[in-house]
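Please read the points below with the model open beside them.

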Amino acid sequence: MSGIIDKNEISLRQANRKDISILEVWLNKDYIKKWYGEPDEWLVEIQNDSGDFNWLKHYIVMYQNTPIGFCQYFDCSHAPEGFEWDNEPQGTFAIDYLIGEEIFLKKGIGSEIIQKLCQLINSLEKPVQIVADPVPENIVSIKLLERNGFILEPTSGLYKLKIK
Ligand SMILES: CC(C)(COP(=O)(O)OP(=O)(O)OC[C@H]1O[C@@H](n2cnc3c(N)ncnc32)[C@H](O)[C@@H]1OP(=O)(O)O)[C@@H](O)C(=O)NCCC(=O)NCCS
């Protein structure tokens, strides 16, 4: 993709079974796998054959009619225990995101995804806060979160966006 990206052309739509093959490609890319880990674990959750993962809300990031990335959110109170958000209040929602097509990196689209995902959570849920849990080495993701108003809470290690 050469030229300027028109951010108005970016949208989120619900992921479906037909997206699994492109998600598999993206999750196997080194710059994504490095942070996301084992692709199969994500694919099992997204396919949700068992019905165990209804609490995860998966979206595909579209640029015009082209899928370019993935994001998801979930209500932390519905997630299994043993994670950083265990002690967070009701109304805590967590987000994950990736850009799967390299030509769309470094163009400000990460911010667009985070903003659209947060708008979506605000419109569908009653969040008191939205959190993200990047590993400390994922500087790109941390800078992105900070540019979008997320603040590190040192005790939990979570980046938090409080909703007024
Ligand atoms: C994390 C991720 C989504 C960030 O996406 P991104 O849009 O490329 O974000 P970046 O911060 O790298 O790019 C923004 C850069 O584009 C530049 N840019 C160009 N045009 C821009 C615009 N119109 N608006 C904002 N930034 C723009 C900015 O200067 C910025 O560069 P800088 O950080 O050197 O200042 C992406 O790197 C990714 O998918 N990584 C792998 C998966 C991952 O780590 N996910 C998060 C797990 S917690």
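Predicted model: local features only at pLDDT ≥ 70, side-chain atom pairs only at ≥ 80, totals over all residues.

1. Residues are numbered from 1 along each chain as its sequence is written, and side-chain values use heavy atoms, with hydrogens and water left out.

2. The largest pocket holds about 1300 Å³ of space. A pocket here is an open set of points on a 1 Å grid over the protein atoms alone, where a 1.4 Å probe fits, with protein on both sides within 12 Å along at least five of seven lines; lining residues have an atom within 4 Å of a point. Grid points are joined across faces, edges and corners, and a volume is the space filled by probe spheres set on the points.

3. The lining of the largest pocket has 42 residues, and W35, Y36, Y97, N138 and S141 lie nearest the centre. By class there are 27 nonpolar, six polar and nine charged residues (Ala, Val, Leu, Ile, Met, Phe, Trp, Tyr, Cys and Pro count as nonpolar, Asp, Glu, Lys and Arg as charged, and the others, Gly among them, as polar). Elements that each supply at least two lining residues include α2 (30–36), α4 (109–124) and α5 (139–147); β4 gives the largest share, six residues. Helices (H or I, at least four residues) and strands (E, at least two) are DSSP runs, numbered from the N terminus.

4. The second largest pocket has a volume of about 210 Å³. Its lining has 14 residues, with A15, I46, N48, L56 and H58 nearest the centre. Two or more of the lining residues come from each of α3 and β2 (56–63), and β2 has the largest share, four residues. The lining divides into six nonpolar, six polar and two charged residues.

5. Why is β4 described as largely enclosed by the rest of the structure? Seven of the eight residues of β4 are buried, so the strand is largely enclosed. Buried means under 20% relative accessible area, exposed over 50%, and partly exposed in between (1.4 Å probe, protein chains only).

6. β4 pairs with β3 in the antiparallel sense over seven bridges, and C71 stands opposite Y97 of β4. Strands pair if DSSP finds at least two bridges between them. β4 also pairs with β5, in the parallel sense over three bridges, with A94 opposite V131 in β5. The chain crosses from β4 through α4 to β5 in a right-handed β-α-β crossover (with the strands pointing away from the viewer, the path from the first strand over the helix to the second runs clockwise).

7. S141 is in helix α5 and is buried, with a relative accessible area of 10%. Leaving aside neighbours within four places in sequence, S141 is in contact (heavy atoms within 4.5 Å) with Y97 and P134.

8. S111 lies in helix α4 and is buried at 15% relative accessible area. With neighbours within four places in sequence left aside, S111 is in contact with L144, R147 and N148.

9. R13 sits in strand β1 (residues 10–14) and is partly exposed, with a relative accessible area of 27%. R13 and Y59 are 46 residues apart in sequence but 5.3 Å apart in space, C-alpha to C-alpha. Beyond neighbours within four places in sequence, the contacts of R13 are D19, H58, Y59, I60 and M62.
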